[in-house]
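Here are a few notes to read alongside the model. Keep the viewer open and look up each place as you reach it.

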Amino acid sequence: MHHRATPTTPSRRTLLTVTAAAAAAGVVGGVAVPAAAAGDDRRLKRLVGRMSLEEKVGQLFVMRVYGHSATAPDQADVDANLKEIGVRDAAELIARYHVGGIIYFSWAHNTRDPHQIAGLSNGIQRAALGKNVPVPVLVSIDQEHGIVARIGEPATLMPGAMALGAGGSRSDARRAARVAGDELAAMGVRQNYAPVADVNVNPANPVIGVRSFGSDPRAVAGMVAAQVGGYQRAGVAATAKHFPGHGDTAVDSHYGLPTITHTREEWRALDAPPFRAAVAAGIDSIMTAHIVVPALDPAEEPATLSRPILTGILREELGYEGVVVTDSLGMEGVRTKYGDDRVPVLALKAGCDQLLNPPKLDVAFRAVLAAVRSGELSEARIDESVLRILRLKAKLGLFHDPYVGQDEVDRTVGTRAHLAVADRIAERTTTLLLNEGGLLPLSPARRPNLLVAGADVASPSGTTGPPTATLGAALTELGFAVTVLPTGTAPSAAKIDEAVAAAGGKDAIVVATYNVSATSAQRTLVARLAATGVPVVTVAIRNPYDIAHLGGQRATLATYSWTDVELRAAARVVAGRARPEGRLPVPVPRADDPAKVLYPLGHGLRYGR
């Protein structure tokens, strides 16, 4: 059921108070201009002066909360909130902890559909503006697109970062972010934890990979700057992540604390350029990484807790003056060295402003209060971060107009025009790595009967796929007779036999591969299918590195993600309805000798050449 209730209007006194604060930040006629353009921050500072210490500390926290509604979540979500946070719903979270931000997750049931999301955002703002000192909430999300998306269809899903990197078009990257930002803003989400500014120089990176635009620092910097412009022109704060650079790690910071061994010179050459470009583009927020970089901080503190990295380098060397947000404080990478009561205090001492999603909010909240009362943190230090956060809210126009209209959702989210933009951009990202004997494109007249097999991976947003079905449906629409046989990421011997049997009488086989390794049974599947004599086309639906571990196929495409928009584009390339235009944004190393390159950066075949 859609929630189309119009937000109740706050009292005239409340609006006047809030609008007065916004005026200080130069919000004129609904258009936000930087606070500096309006002179000093007198009114915003007066607003800070009216806040209690608890209210100020609350502004620093960005917290998860379960439920589709701010005041009437399902009972299971009420129970989850009581267990994890000690409140029933988002409205209680705001009343008790005065949180300055709330982050949406699909698993927290915040993102069921666009109208519901807009209603939840309005309910959150209603709760915040009903307080004695009304301050709007900054609603945030991880909506990177590609393999990280919390909001799914019917909203528009764009190609992810590495796909855009393969397309190589900064204007496409900017347009993708503008469309994505327009849709987020229409649903009341005004801070996106994107773009990823990490340079993926390590093919074994388990946490970034295709979330990165690629391995070339200059190319990544251009894409990052383009996306910053797209998001922020849509009225959404962009967030470059994960500073100082999470691209060269073999450890996932969700589960451990990675160490980056780059020298300071290597960091400046490899990792810094995208963040410098983001700062130059006027980015609103930068997210920290839970990584150790000994060359940047000899004390080997995680970057999130490192004053030399966040204040010494980000603030002073890079000249960044905007909001610094931690990566999630529930991740193991930031909890290995210190307890949950020390982490938020140390993050503030290091130079962070927003404290994202602590595992236990009451522990973190009390710890920061205690640190101020003991003198470990000065109240002036808290005020500094609160003022940065309020300036951002004012710049976004949240003091002036915090609510969204359901009619705006209908006009903006998942429109035919936006979906067409996504399809056109995706077509320019599909990369043809191998095409022996000019097998591709396939013609329905000459090779009408296809088998589609391979990995069916869970949808990032829960609303697309499964991949073999999406490929099968797209190829059917393009005139082929298609049999679909999902074989999984680890096909059994029996499943491989079934696929070989299904290949009988087919004119070509399309196999979706996913994160193929030296020991993957997907290798056996492809080899056995190729041995039937029916030509095999593999489609790497995540990492382009799969091809190094496979043999026997006559053609290989890379899509960099398995969302429908990218798979439909691959199907059009297979059928010759679109030309392969992508080029590898990362080199593919050889499987037997990773020091040697199998396919170089920039490799990408074309039809007819």
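This is a predicted model: local features need pLDDT of at least 70, side-chain atom pairs count only at pLDDT 80 or more; totals for chains, interfaces and linings use all residues.

1. From α9 come Pro-217, Val-220, Ala-221, Val-224, Ala-225 and Val-228, while α10 brings Ala-269, Leu-270, Pro-273, Pro-274, Ala-277 and Ala-278. What classes do the residues of the contact of α9 with α10 divide into? They are 12 nonpolar, with no polar and no charged residues.

2. Next, find a second pair of helices, α16 (residues 416-427) and α20 (residues 564-574). As a reminder, two packed helices are described by the angle between their axes and the distance between the axes. For α16 and α20 the angle is about 55° and the axes are 9 Å apart, and the two helices are therefore oblique to each other. Here too you can check the handedness: α16 passes α20 in a right-handed crossing.

3. On the α16 side you will find Ala-422, Asp-423, Ala-426 and Glu-427, and on the α20 side Val-565, Glu-566, Arg-568, Ala-569 and Arg-572. By class, this contact has 4 nonpolar, no polar and 5 charged residues. Compare that for yourself with the contact of α9 with α10, where the count is 12 nonpolar, no polar and no charged.

4. Let us move on to the open spaces. The largest pocket has a volume of about 810 Å³, and 34 residues line it. Which residues lie nearest the centre of the largest pocket? They are Phe-105, Asp-142, Arg-150, His-254 and Met-331. Strands β7 (148-149) and β9 (237-243) each supply at least two residues of this lining. Sorted by class, the lining has 16 nonpolar, 8 polar and 10 charged residues.

5. The largest cavity has a volume of about 70 Å³. Its lining includes Met-51, Glu-55, His-98 and Lys-131, along with Val-133, Val-135 and Val-137. By class, the residues lining the largest cavity are 7 nonpolar, 2 polar and 2 charged.

6. Finally, a few backbone details are worth a visit. Most residues other than glycine have a negative phi, and most peptide bonds are trans. Against that background, His-145 has a positive phi of about 75° although it is not a glycine; you will find His-145 in strand β6 (residues 143-145).

7. Two prolines complete the tour. A cis peptide bond joins Glu-153 and Pro-154, with omega about 15°, and Pro-154 lies in the loop between β7 and α7 (161-167). Where is Pro-466 found? Look in the loop between β14 (449-454) and α17 (467-477). The peptide bond from Gly-465 to Pro-466 is also cis, and omega there is near 0°.

Terms used: Residues are numbered from 1 along each chain as its sequence is written. Side-chain values use heavy atoms; hydrogens and water are left out. On a 1 Å grid over the protein atoms alone, a cavity is a set of points where a 1.4 Å probe fits but cannot get out, and a pocket is an open set with protein on both sides within 12 Å along at least five of seven lines; lining residues have an atom within 4 Å of a point. Grid points are joined across faces, edges and corners, and a volume is the space filled by probe spheres set on the points. Ala, Val, Leu, Ile, Met, Phe, Trp, Tyr, Cys and Pro count as nonpolar, Asp, Glu, Lys and Arg as charged, and the others, Gly among them, as polar. Axes are lines fitted to C-alpha atoms, for helices over the stretch in contact, and angles run from 0 to 180 degrees between N-to-C directions. Helices (H or I, at least four residues) and strands (E, at least two) are DSSP runs, numbered from the N terminus. Angles under 35 degrees count as roughly parallel, over 145 as roughly antiparallel, 65 to 115 as roughly perpendicular and the rest as oblique. A crossing is left-handed if the near helix is turned anticlockwise from the far one by less than a right angle, and right-handed if clockwise. Contact means heavy atoms within 4.5 Å.
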